[in-house]
Amino acid sequence: MAGSVSRRDFTRLFALGGSAALFADPAWARAQQAAGPAPAVGGTGEAFWQSVRGQFVMPPDLGVLNAANLCPASRPVLEALKRESDSVDKDPSAQNRARLTGEKEALRKTLASFLRVTPEEIVITRNTSEANNLVSSGLDLKSGDEVIVFQDNHPSNLNAWTEKAKRYGYTVVTIPQQNPHPGMAYYLDAYAKAITPRTKLLSFTHLSASVGDLFPAKELCALARLRGVLSLVDGAQSFGLLDVDLADMSPDFYTGSAHKWPCGARECGVLYINSRAHTRIWPSIYSAYPGAVGISRTFEGFGQRDEATMIAFRTALEFQTQVGRDKIEQRSRALAQQLIAGLSTLPDVKVWTSPNPALNAAVVSFQPGSLNAQKLGAALYQNDKIGTAGRGAGDRGGLRASPHFYNTPQEIDRLVAAVGRYLKTGV
Ligand SMILES: Cc1ncc(COP(=O)(O)O)c(C=O)c1O
């Protein structure tokens, strides 16, 4: 799945965009061949990663470390999106659009292969929020039932449950987040203790968006199965970052968005529904144009969709597969470790993210001493061309930086140096 890129594959991928000459950077392919196994940060593979970066349209001097929020699409993805959108707008006839009929199923196949499951288990959604809500709206839950959620879940997997509980009468049990990350065993134990005979589902975030806490996804899903409980894994922060294998993790439901770590087009996402859970969930939307296989035949009648976005999403998944999914994970994690190490040398900086690479992945949050985080974020962007995300003061406040495979070690150094400077000068 995450094999290396042959010159032929590379050319084929970029030819998909109809612009091989424009995008096929021979240096990229050459560097890949020369680089061999996963390049280390600062090691011999930097030429390879530089050429990967060259496949993104961000200016070379702009370092946006905000993958947990929104990732840029690569050139082949942008090319596909533009080409297919233009085609429909130039000729919206049913005859011209007929050639797009198979694209939804093509994306479904690619998603299934990317997540290592079957197309029959894939629903193509608008994003993670919609996918999470299709689960909370689709289960038969009633008074007396319990659902266990992690306190640090996104609203689409937290408020969605508590709001719907008001209508359906079930109870929501919350597992508090701990800082620093207390270890995988802690959360496994917390969930195991919270399960009662009334529990119907447990839910958690694979990688938290707040401080990048990694959860023991496979073990929690196994616990749920053992106790006869459904499992929902919010993969918004792991899909396209970690080399996720859902066959191995075996959740009942897993959700993700194209516009985050997969670097796909905006407004497309995925809901995986394990075949063993197909009879446990109801569709929430009934309309025309459902999918062609498995659960999508009943679950995905979402009306008119945008095939251009789906083609772009498929191109993004192919792009990542070509680069190497294991390499992408290693690269993003290495950049995060570099950042944690750098920030840890600065006096007064409190890093909220666990320094243990077994407990974090590519999302790093920190409190920059007594500096106003909002002002610091603005100064970093304006003066240092570094994009970060602000975190509210209420819960582990400060700034969040989430590097991905298009970022560079130099951008990390620039961020650390700038924070160190502002700590001395103020903002
Ligand atoms: C953990 C988590 N779940 C769900 C979402 C929602 O994603 P989207 O806005 O793509 O629906 C986010 C967004 O940041 C997230 O971090």
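Predicted model: local features only at pLDDT ≥ 70, side-chain atom pairs only at ≥ 80, totals over all residues.
Residues are numbered from 1 along each chain as its sequence is written, and side-chain values use heavy atoms, with hydrogens and water left out.

The chain contains 17 helices and 13 strands, taken as DSSP runs (helices H or I of at least four residues, strands E of at least two) and numbered from the N terminus. Of its 427 residues, 57% are buried; here buried means under 20% relative accessible area, exposed over 50%, and partly exposed in between, with a 1.4 Å probe and protein chains only. The accessible surface amounts to about 17,000 Å², and carbon and sulfur atoms provide 54% of that area; areas follow the Shrake-Rupley method with a 1.4 Å probe, and for residues only the protein chains shown count as cover. Among contacts (heavy atoms within 4.5 Å) with a separation of 6 or more, 71% are between residues 24 or more positions apart.

Helix α4 (residues 46-53) packs against helix α15 (residues 325-344) at an angle of about 100 degrees, and the two axes lie 13 Å apart. The axes are lines fitted to C-alpha atoms, for helices over the stretch in contact, and angles run from 0 to 180 degrees between N-to-C directions. This arrangement makes α4 roughly perpendicular to α15, on a scale where angles under 35 degrees count as roughly parallel, over 145 as roughly antiparallel, 65 to 115 as roughly perpendicular and the rest as oblique. At the contact, α4 contributes Glu-46, Phe-48 and Trp-49, whereas α15 contributes Lys-327, Ile-328 and Arg-331. These residues comprise three nonpolar, no polar and three charged, where Ala, Val, Leu, Ile, Met, Phe, Trp, Tyr, Cys and Pro count as nonpolar, Asp, Glu, Lys and Arg as charged, and the others, Gly among them, as polar. Six of the eight residues of α4 are buried, so this helix is largely enclosed by the rest of the structure. The buried set consists of Glu-46, Phe-48, Trp-49, Ser-51, Val-52 and Arg-53.

The loop between α4 and β1 (63-64) holds Pro-60, which is exposed at a relative accessible area of 73%. Beyond its neighbours within four places in sequence, Pro-60 is in contact with Arg-53 and Glu-411. The C-alpha atoms of Pro-60 and Asn-407 are 9.8 Å apart, although 347 residues separate the two along the chain.

Attention now turns to charged pairs. Side chains of opposite charge can pair when their charged atoms come close. A salt bridge is defined as a side-chain nitrogen of Lys or Arg within 4 Å of a carboxyl oxygen of Asp or Glu, and the model has 26 salt bridges by this rule. In one of them, Asp-86 pairs with Lys-82, with 2.9 Å between the closest N and O atoms. Both belong to helix α5 (residues 75-90), where being four residues apart separates them by about one helical turn. Asp-86 is partly exposed at 28% relative accessible area, while Lys-82 is exposed at 53%.

Lys-166 and Glu-163 also form a salt bridge, at 2.9 Å from N to O. These two lie three residues apart in helix α9 (residues 159-168), about one turn of the helix. Lys-166 is exposed at 66% relative accessible area, and Glu-163 is partly exposed at 45%. Elsewhere, salt bridges with shared partners join Lys-104, Glu-105, Arg-108 and Glu-300 into one network.

A further salt bridge pairs Arg-126 with Glu-267, whose closest N and O atoms are 3.3 Å apart. This pair links distant parts of the chain, 141 residues apart: Arg-126 sits in the loop between β2 (122-125) and α8 (128-138), and Glu-267 in the loop between β7 (253-257) and β8 (269-273). Arg-126 is partly exposed, at 39% relative accessible area.

Some backbone features complete the picture. Most residues other than glycine have a negative phi, and most peptide bonds are trans. Asn-179 and Pro-180 are joined by a cis peptide bond with omega of about 0 degrees, and Pro-180 lies in the loop between β4 (171-175) and α10 (184-194). Ser-250, a residue other than glycine, has a positive phi near 55 degrees. Ser-250 occupies the loop between α12 (246-249) and β7 and is buried at 12% relative accessible area. Lys-385, likewise not a glycine, has a positive phi of about 55 degrees. Lys-385 lies in the loop between α16 (373-384) and β11 (386-387) and is partly exposed at 36%.
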